[in-house]
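This report looks at how two ligands are held by a protein, with the criteria behind each term stated where the term is used.

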Amino acid sequence: MKQFHNFINGEFIATSKTFENRAPVDNHVIGLVHEAGKAEVDAAVKAARAAVTGEWGKLSVVKRVELLYAVADEINNRFDEFLEAELADTGKPHSLASHIDIPRGAANFKVFADIIKNAPTESFQMTTPDGGTAISYGVRSPLGVVAVVCPWNLPLLLMTWKVGPALACGNAVIVKPSEETPATATLLGEVMNKVGIPKGVYNVVHGFGPNSAGEFLTSHPGVDGITFTGETRTGEAIMAAAAKGVRPVSFELGGKNAGIVFADADFDKAVAGITRSAFENCGQVCLGTERVYVQRPIFEKFVAALKTKAESLKIGASHEAGVGMGPLISAEHKEKVLSYYEKARAEGATVVTGGGSPTMTGDLAHGHWVQPTIWTGLPETASVIREEIFGPCCHIAPFDTEEEAIALANDTPYGLATTIWTSDLGTANRMAAAVHVGLCWINSWFLRDLRTPFGGSKSSGIGREGGVHSLEFYTDLRNVMIKL
Ligand code: NAD
Ligand code: 6OD
């Protein structure tokens with residue numbers, strides 16, 4: 001049976017307490033995960049501290065950059081291993097993980113190596129009261145020991161999106177992968193050893209949240225900062241833990257994103273874009289659109305076209321040819337998504353398509369499958385319009401004016417992302433300014449340039465990462481003033 005060990009101070013560490021890691025496609029046991037207790041978390045924090053104050057902390061930026069390039073290259077050398085590990089843990093389509101998840105796993109190290117290599121700091125010269133001169137300049141020091149707490153929807157991508165910049169800035173990290181997806185974070189430990197990243201720089205502790213590795217790590221006084229991706233409710237718990245010691249947090253949290261389609265949009269592109277934003281990764285993308293607003297003249301035509309697209313998505317296992325949608329991550333999550341499918345019906349929705357589970361045969365009958373689902377006809381107060389479901393579903397409502405679309409999009413406590421479809425640049429610019437989100441895509445969705453600020457407004461997050469913005473979190477910017 002495959003074992004997923006903790007990775008502490010460059011060594012794979014077993015514990016006496018294990019839990020099963022199951023495959024979403026058919027619920028078979030992939031392996032046993034070794035849960036870290038307080039002792040393992042403490043050992044990881046000590047190892048990370050020793051790395052920051054030791055060899056790693058003394059490396060030049062040039063040498064660090066070389067090592068991060070080597071990490072990226074080694075991920076690419078072992079591309080198929082990472083891919084298979086991610087597919088087993090998540091069940092997502094091969095085409096998706098091979099084009100997005102694993103390439104981004106490597107890119108996240110290269111891009112932040114380049115950014116740190118070229119990052120300037122500010123400097124000022126001034127005349128002092130006695131007529132002399134003083135020069136001030138900024139110096140970036142690592143934050144120190146950084147806890148990286150991750151979700152399960154894009155495991156390698158989201159973990160390396162934090163680990164890449166953290167290491168580029170000279171920190172040591174302790175990663176707590178989701179209990180649902182332990183594989184790629186563990187595999188990355190082998191890569192770190194192979195390319196010569198010093199012991200203690202990259203650590204992994206497995207387990208759950210409350211009363212397990214997640215809580216032990218985020219409440220550990222030896223952790224200098226916490227970067228977290230996951231549910232808003234979990235963010236609140238972690239923020240409370242971080243308050244002790246006034247430790248900084250960077251949060252990428254939940255969303256209830258609006259997709260807005262104007263009548264002047266390129267119709268086919270808009271339909272294809274919303275098909276992706278609603279159903280990609282079985283709807284388990286924080287940036288996804290569970291609320292779609294379509295301008296009235298094209299409303300009926302759009303609903304019909306999205307229905308056709310949803311019904312043409314082939315549901316199946318990762319390696320099946322032509323598969324466009326995999327399963328949900330777990331039985332528990334399937335239950336949650338199906339409970340919203342029931343709520344939508346109870347609240348009076350018109351079910352345009354889907355609304356249940358597909359019939360799967362053989363081993364796949366044990367997997368966590370749901371149908372892509374589209375609703376219309378609900379009031380804005382309905383729970384499937386208010387609450388994040390994180391499944392392959394959306395409600396579509398008509399709108400008439402730009403002002404109405406803005407009001408609808410903003411009527412949520414969340415503020416993560418929007419995708420807006422129009423051929424009028426003026427409309428695009430006005431909408432981008434008025435919709436209160438951290439990420440606004442025009443005529444596109446989840447198109448990424450890693451140099452740009454990424455993060456959520458309102459209840460969707462705290463802070464921005466990406467490009468130089470990541471340096472704001474992963475370094476401590478100090479000022480030095482020299483009186484000449
Ligand atoms: P989650 O919040 O349940 O879990 C995320 C991680 O936090 C897991 O590793 C979990 O073990 C850990 N955790 C849970 N409780 C904890 C606690 N009290 N203390 C410390 N750690 C704890 O989220 P999930 O279900 O894994 O992921 C789905 C959620 O993530 C959705 O809400 C989605 O919108 C959000 N998400 C946001 C972004 C973004 O960029 N904004 C990206 C991906 C996912
Ligand atoms: O692309 C990224 O860097 C990123 N953080 C994506 C988040 C996706 C959410 O599910």
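Which residues are the closest to ligand 2, and how many surround it? Ligand 2 is surrounded by 13 residues, the closest being R104, N153, L158, C286 and R448, where a residue counts if one of its heavy atoms lies within 4 Å. The model is predicted, so local features need pLDDT of at least 70 and side-chain atom pairs pLDDT 80 or more, while totals for chains, interfaces and linings use all residues. Side-chain values use heavy atoms without hydrogens and water, residues are numbered from 1 along each chain as its sequence is written, and chains are lettered from A and ligands numbered from 1 in the order in which they are written.

Polar contacts (pairs of N or O atoms within 3.5 Å) include these:

| Residue and part | Ligand atom | Distance |
|---|---|---|
| N153 side chain | ligand 2 oxygen | 2.8 Å |
| W161 side chain | ligand 2 nitrogen | 3.5 Å |
| E252 side chain | ligand 2 nitrogen | 3.5 Å |
| E252 side chain | ligand 1 oxygen | 3.2 Å |
| C150 backbone | ligand 1 oxygen | 2.7 Å |

Because domain 1 (2-253 + 460-483) and domain 2 (257-449) both give residues to the shell around ligand 2, this ligand lies between them; the domain bounds come from an automatic or database assignment. The largest share of that shell, three residues, comes from helix α6 (residues 155-168), helices being DSSP runs of H or I with at least four residues.

Around ligand 1 there are 31 residues, with C150, E179, T234, L253 and E388 the closest, and its shell likewise draws at least three residues from each of domain 1 and domain 2.

How values were computed:
A polar contact is a pair of N or O atoms within 3.5 Å; within protein, one must be able to donate a hydrogen and the other to accept it, and residues adjacent in sequence count only if both atoms are side-chain atoms. Helices (H or I, at least four residues) and strands (E, at least two) are DSSP runs, numbered from the N terminus.
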